[in-house]
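Biologist: Could you walk me through the spaces inside this protein and a couple of its residues? I'd like the definitions as we go.

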Amino acid sequence: MATQGKVITCKAAVAWEPNKPLSVEDVDVAPPQAGEVRIKILYSALCHTDAYTWSGKDPEGLFPCILGHEAAGIVESVGEGVTSVQPGDHVIPCYQAECGDCKFCKSGKTNLCGKVRSATGVGVMLSDRKSRFSVNGKPIYHFMGTSTFSQYTVVHDVSVAKIDPNAPLDKVCLLGCGVPTGLGAVWNTAKVEAGSIVAVFGLGTVGLAVAEGAKAAGASRIIGIDIDRNKFERAKNFGVTEFINPKEHEKPIQQVIADLTDGGVDYSFECIGNVSVMRAALECCHKGWGTSVIVGVAASGQEISTRPFQLVTGRVWKGTAFGGFKSRSQVPWLVDKYMKKEIKVDEYITQSLNLPEINKAFDLLHEGGCLRCVLALHV
Ligand SMILES: NC(=O)c1ccc[n+]([C@@H]2O[C@H](COP(=O)([O-])OP(=O)(O)OC[C@H]3O[C@@H](n4cnc5c(N)ncnc54)[C@H](O)[C@@H]3O)[C@@H](O)[C@H]2O)c1
Ligand SMILES: N[C@@H](CCC(=O)N[C@@H](CSCO)C(=O)NCC(=O)O)C(=O)O
Ligand SMILES: [Zn+2]
Ligand SMILES: [Zn+2]
């Protein structure tokens, strides 16, 4: 490789300050060190968590940084000791690592991995606690261990899933975050059984993937709740059977849902990041067994509350990160499922733009019609 061992200067979208338009400019990307992988990112979608961190409300948000965590690319070079991938491999960077060796990975109880989290939470690489990105010598922080709004990025080897080289990267980039999160919330975290009644709060990409997962699990009713009525028509294609707009009801939404379901749903999913809705999602669950899963990311300083009596009487409150999927082992499996047409991906892509249009892409994200906008990094 002509570039191996050398600094690569390429285009990346730098977030210099919260909420200030991203600046697409030349960034120097250092070669991967031991245990690291440099990836040529071909496509990256935008997720609401990128917008959340950019807004300045994420306590882990450090600036300047390069955002982006839902992407696909090709390995350009690897650092010393890396054996899991090699140059030319098609990969999806994973913000949730999987080392297989830490206390978390060995527990068999969680998909969270502790190996590199202390570094990825503060925008650096583990080995030397430094960034591999710089502009005119000034370090730029990494984000979520992925930083995919760059033509080249450096990630830890435990954060790279090798995938089928035949998979279209402009589509399977979505399997880096939103779609697996929704599917996995249903299959891994809640373990929804056939015949269950399910409520999904928020019909964006994550909520629609929850609906898709619930349909596949054989749910008998899938109730979609959104304040935007226009979301319903599209949601039917993902499995939503009934729609409720809280704005059209006087009563608290949890009461409306309990009345419609003979006392409450078996499973509910909050896919918005709103702590009041999280409470409603718990309280619309059936006494004795109803389980509510928090998927949405709420801003720093926000807290959830409910009467403890809700839990005393058998409701269960849970949360999920990346849908409970173990990233390196299961992302390739999700890609294979997509290739066999067993899960949707294309249907979540509503727009495609190029890297220089990234600010427009963020604007689109806040418009009702947009699910995922995929950016082409090299044009
Ligand atoms: N836990 C994880 O691992 C994980 C992974 C990906 C995304 N997320 C988070 O999941 C959330 C959803 O992501 P998304 O990309 O689907 O977002 P999105 O903005 O596309 O979807 C949110 C939906 O909620 C609706 N909504 C807003 N306020 C509402 C309210 N009060 N009541 C009912 N509906 C309301 C909106 O109309 C929209 O349709 C975000 O907070 C994101 O950060 C979490
Ligand atoms: N830094 C944020 C954390 C936000 C958060 O909860 N992130 C989710 C993924 S969102 C993807 O779109 C997650 O996986 N969390 C587990 C982890 O970060 O290890 C904050 O502090 O608010
Ligand atoms: Zn995301
Ligand atoms: Zn681990």
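Modeller: Let's start with residue classes: Ala, Val, Leu, Ile, Met, Phe, Trp, Tyr, Cys and Pro count as nonpolar, Asp, Glu, Lys and Arg as charged, and the others, Gly among them, as polar. The model is predicted, so to speak of local features we need pLDDT of at least 70, side-chain atom pairs count only at pLDDT 80 or more, and totals for chains, interfaces and linings use all residues. Residues are numbered from 1 along each chain as written, chains are lettered from A and ligands numbered from 1 in written order, and side-chain values use heavy atoms, leaving out hydrogens and water.

Biologist: How many polar residues does the lining of the largest cavity have?

Modeller: On a 1 Å grid over the protein atoms alone, a cavity is a set of points where a 1.4 Å probe fits but cannot get out, a pocket is an open set with protein on both sides within 12 Å along at least five of seven lines, and lining residues have an atom within 4 Å of a point. The largest cavity is lined by Tyr95, Gln96, Ala97, Cys113, Val116, Arg117 and Thr120. By class, that lining has four nonpolar residues, one charged, and, to give your number, two polar.

Biologist: What volume does the second largest pocket have?

Modeller: Grid points are joined across faces, edges and corners, and a volume is the space filled by probe spheres set on the points. For the second largest pocket this comes to about 220 Å³. Lys109, Thr110, Asn111, Thr189 and Gly324 are the closest to its centre among the 13 lining residues. Domain 1 (8–176 + 327–376) and domain 2 (182–320) each give at least three residues to that lining, with bounds from an automatic or database domain assignment, and the volume you asked for stays at about 220 Å³.

Biologist: Is Cys173 buried or exposed?

Modeller: Buried means under 20% relative accessible area, exposed over 50%, and partly exposed in between (1.4 Å probe, protein chains only). Contact means heavy atoms within 4.5 Å, and Cys173 touches Tyr43, Ala45, Glu70, Ala71, Ala72 and Val374, leaving aside residues up to four places away in sequence. With a relative accessible area of 0%, Cys173 is buried.

Biologist: Which residue's side chain makes a polar contact with the side chain of Ser77?

Modeller: A polar contact is a pair of N or O atoms within 3.5 Å; within protein, one must be able to donate a hydrogen and the other to accept it, and residues adjacent in sequence count only if both atoms are side-chain atoms. Ser77 is buried at 1% relative accessibility. At 2.5 Å, its side-chain partner is Glu76.
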